[in-house]
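Q: I've got a model open and I'd like to learn how to read its packing. Can you walk me through it?

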Amino acid sequence: MDEQGGGTTGIDRRLILMARTVVVLFRQFERIAREMDITIPQYRFLLFLKRGPKRAGELAVEAAIRKPTASGLIADMEKRGLIERAPDKDDGRSIRLTLTRKGLTKHREFEEALARYLPSLIEEGDAERMLEAFTELAYIIDSKREGTGPLEVEE
């Protein structure tokens, strides 16, 4: 047995608990996404585009999906009016994707739905401690993202 009580694998048991938490949260986030008529990959695209216009290939790389999959997502999101294409000012041959007002609204509504769900996981007395821990985790993860700072959250 290792120090953390996780067997003899040498893996800190807290990391396994963290992974389980992510999986459970992701399942609930997928359920909420279905209710909101959005997919998790579409949400990721909206999140990335919120930082500014991007080329389709850049979105695919950031979302860790293949370009054909990204093309399908982009076509669907464009058809739904969530994003639009605009000529790249720096390269007339390229197209940049931008959020529309509808896309920004969809992004905000989805994040608000997630935020309404999360308190159901937290005992009232633990809320502040848990929110501080998640905030710290978000900053740690965002600081590791190449060339980006923490994602801004509107008040």
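Predicted model: local features only at pLDDT ≥ 70, side-chain atom pairs only at ≥ 80, totals over all residues.

Q: How do I read a nonpolar core, and which residues touch the most other members here?

A: In soluble globular proteins, nonpolar side chains tend to be buried together. Here the largest nonpolar core has 28 residues, and those touching the most other members are Ile 32, Ile 38, Phe 45, Leu 46, Ile 83 and Phe 110. Two or more residues come from each of α1 (13-35), α2, α3, α4 (67-79), β2 (95-99) and α5 (101-117). With seven residues, α2 gives the most to this core.

Q: How do I describe a helix pair, say α2 and α3?

A: Two packed helices are described by the angle between their axes and the distance between the axes. For α2 (residues 40-50) and α3 (residues 56-63), the angle is about 115 degrees and the axes are 10 Å apart. The crossing is right-handed. On the α2 side, Arg 44, Phe 45, Phe 48 and Leu 49 make the contact, and α3 brings Leu 59, Glu 62 and Ala 63. By class, that's five nonpolar, two charged and no polar residues.

Q: Is Thr 98 buried or exposed?

A: Anything under 20% relative accessible area counts as buried. Thr 98 comes in at 16%, so this residue is buried. Thr 98 lies in strand β2 and, not counting residues up to four places away in sequence, touches Pro 53, Leu 82, Ile 83 and Glu 84.

Conventions. Residues numbered from 1 in each chain as written. Heavy atoms only, no water. Axes fitted to C-alpha atoms, helices over the stretch in contact; angles between N-to-C directions. Helix = DSSP H or I, 4+ residues; strand = E, 2+ residues; numbered from the N terminus. Left-handed = near helix turned anticlockwise from the far one by under 90°. Contact = heavy atoms within 4.5 Å. Nonpolar A, V, L, I, M, F, W, Y, C, P; charged D, E, K, R; others polar. Core = buried A, V, L, I, M, F, W, Y, C linked by side-chain atoms within 4.5 Å. Buried < 20%, exposed > 50% of the residue type's maximum accessible area, 1.4 Å probe, protein only.
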